Protein chains: 2
Amino acid sequence: MNINLQKIQDLFAVLEKYGKTSTGGITRLSYSTEFHEAQVLLKAFMENIGMSVIIDPLGNLMGTYPGRDTSLPPICCGSHLDSVINGGAFDGALGIVSALECVRSWHQENWHPHKSLTVIAFIEEEGSRFGHVCLGSRGFAGDMIENSPADFKDRDGKSLSEFLTGYGLSPIPNPFTTVPINKKYASFIELHIEQGKVLENTGYSVGIVSAIAGIKRLSLLISGKANHAGSTTMQDRHDALVAAADLSVFIYKNALAAQGSYVATVGKFNVLPNEENVVPGKVSLSIEIRSENTSTLENVRNLIIEYYKKICLEYKVEIEIINEYDVPAVPMDKKLMRIISQSAKALKIKYKTLPSWSGHDSMIMGQHLPTAMIFVPSKNGISHSPLESSNWLDIEKAVNILNLTLRSLADH
Amino acid sequence: MNINLQKIQDLFAVLEKYGKTSTGGITRLSYSTEFHEAQVLLKAFMENIGMSVIIDPLGNLMGTYPGRDTSLPPICCGSHLDSVINGGAFDGALGIVSALECVRSWHQENWHPHKSLTVIAFIEEEGSRFGHVCLGSRGFAGDMIENSPADFKDRDGKSLSEFLTGYGLSPIPNPFTTVPINKKYASFIELHIEQGKVLENTGYSVGIVSAIAGIKRLSLLISGKANHAGSTTMQDRHDALVAAADLSVFIYKNALAAQGSYVATVGKFNVLPNEENVVPGKVSLSIEIRSENTSTLENVRNLIIEYYKKICLEYKVEIEIINEYDVPAVPMDKKLMRIISQSAKALKIKYKTLPSWSGHDSMIMGQHLPTAMIFVPSKNGISHSPLESSNWLDIEKAVNILNLTLRSLADH
């Protein structure tokens, strides 16, 4: 009844050839030749273990292993097949390979659960082609009301419609989205690498995700007065850079003191005129706050606003919010989390419950279906890099938990 | 024996037409048509008041009013004729017009001092054509050993040699520089607008410059680790931006507390990768310190280095000095300063002794000849702007002091 690690490694080793870069990383952009070839590989593998395969109007690959009652909504499991540019082999691909190993083991036993199981290899989760993350899962879930495929353009100006045509799909799928997925599917489980160091630092082989952290993004413009860096006395300055710097240190130190309840980052910081002999007149900067707790996001925002009022007085500058938007936190399904933890306990595998600090297809799916995620530790927390790696013994434990979870969900 | 303010205003009003912009500013770049026309105007004015005029191999305009003994090295007085792009009418031009009013008044009286007086209208002080400040005075002083005229290029790629040719001058003057000026001239006096607010804030009409502040410039590269802004815990970060921000605030607050003995500016600040969802991995920044006291520059530099060692530990980053160079402070000549202050006292005009926080041709001349500067207050400290202005009554006082100073120097 256990999964076979060697089989996982075998499929993984073949899959990572599609998009391998000279530096040992993976560049497998959605709709590319290597992406298409990886789909062809997976399709053949799926058919070989008794699954029926379709490609949906956006290019998501779905293989369904039939349950004993095919009239019931299937359980879904999977992750994304695309990568960032020169990313790692584990990000996304591991979740697909893991789900397929579960099905392979069932097929080998000639076991069919009560409900069908659909394994999905999503397209364009990373947004590396069109700059919009989770495009595949959004389309699958029917979320893409605001855009048409002709509006998405890659960096060469080629539209999603053109890519779909090249893929043998309709340039403007009609309807572009499928019927609501909560009518068609029962739940979604995603196994993924953590892309952080929490599991490694705390010594766990497996994580159960409590929520996908929400994101609050603020863009600020700090306006002082550009002036001569020699003849303007310190007292007469309205230095936008120092005001922005003070605010950045404040944001960092508060987040550091928050002991993991949120993270905050000043990532973008642009200075005008940015000349060594001119007191900076303007700074635009971005603030990103992430927490699994929506009220924490609000509180931190208010703390920052409160502090920057003080900064305006101290440095004689003005601050305005240029842009602000939220990506709400998506809590994982409590019942699914419990089934995963019960599976872990049955297998005597210790796990840690933790939020996911980065976005995943599960962030989209979790807004439509009961959804849960299983995390595998990332070595040194590194991802989106050729150095991305995970321990195969950790992976074996996680896939065994996934297998038991899917069995109990599908055979319910 | 006094100068005539109306005559100053008349010449000033004609001169400011050359390069007037639609926004009321002045764009009179070296070697431009408007610059050349302004030289033609000044040449005619000079000849009309008994001066013999030459243009030196670089394009500096010099008119000499003969003394009773023309074998003696002349006294020099003047400033620069070029402007920044859309700068003000007073910066540079006022010093030339003021010197010429002194000579005009002497010529009107038919008075000739013992020594000759040479009024210089320097070319390319601002560096707005070639990006090198004080090119005219450097060339005049023989300082340009490191470059040939073919190496200086403007933003369109046109070389100084080409401009010189277009000006009817030799493309490669041979010798490029003139004989050492301390063999040819006795001293240099420059009247200039302050370009700061010290005189205005303290209520003086005239300033006597103690020194041109020295400049220390440091370019630093702060290296942390670029990482995911969600999945990297605050504890695991190596955030180059926060380290740079902390250092910037430290530099500012120390300079503010120094009560005018120096100024310090972080003017350039570039972040990599500068993405809102990535912890910044690298920041390059410039630090500029100005003081009339060379030991202050050294002490502030050492204070910054000491502090950034602390920052490396606190933020787990590395800092390296990419570039460092000094422009030494140039003290003004004590004897000349005394003659100027005696002239002010004789005229019952109060003056303030203060450093110049920006560079001037006197910075170059002061390295070769006894040199002094007289400052006129700038309204609101503004310069390099169409809003640049000075009070004509202040100007009248300053030019009377200049006149008395030149008379006593030249008739010595």
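Q: Before we start, what does contact mean here?
A: Contact means heavy atoms within 4.5 Å. Keep in mind that this is a predicted model.

Q: OK. Leaving aside neighbours within four places in sequence, what is B:Ser356 in contact with?
A: With B:Val209, B:Ala211, B:Ile212, B:Ala213 and B:Phe375.

Q: And where does B:Ser356 sit?
A: In strand β14 of chain B, residues 351-356.

Q: Is B:Ser356 buried or exposed?
A: Buried. Its relative accessibility is 0%, and the cut-off for buried is under 20%.

Q: What does its side chain reach?
A: The side chain of B:Ser356 reaches the backbone oxygen of B:Ser358 at 2.7 Å. It also makes a polar contact with the side chain of B:His360, at 3.2 Å.

Q: Switching to α9 of chain B. How many residues does it have?
A: It has 22, residues 294-315. From first C-alpha to last it reaches 31 Å, close to the 32 Å expected.

Q: Which of its residues are buried?
A: Among them are B:Leu297, B:Val300, B:Arg301, B:Ile304 and B:Tyr308.

Q: What covers them?
A: The cover includes α8 (240-257) of chain A, plus β7, α8, β11 and β12 of chain B.

Q: What comes just after α9(B)?
A: B:Lys316, with a positive phi of about 55°.

Definitions and conventions:
Residues are numbered from 1 along each chain as its sequence is written. Chains are lettered from A and ligands numbered from 1 in the order in which they are written. This is a predicted model: local features need pLDDT of at least 70, side-chain atom pairs count only at pLDDT 80 or more; totals for chains, interfaces and linings use all residues. Side-chain values use heavy atoms; hydrogens and water are left out. Helices (H or I, at least four residues) and strands (E, at least two) are DSSP runs, numbered from the N terminus. The expected span of a helix is 1.5 Å times one less than its number of residues. Buried means under 20% relative accessible area, exposed over 50%, partly exposed in between (1.4 Å probe, protein chains only). A polar contact is a pair of N or O atoms within 3.5 Å; within protein, one must be able to donate a hydrogen and the other to accept it, and residues adjacent in sequence count only if both atoms are side-chain atoms.
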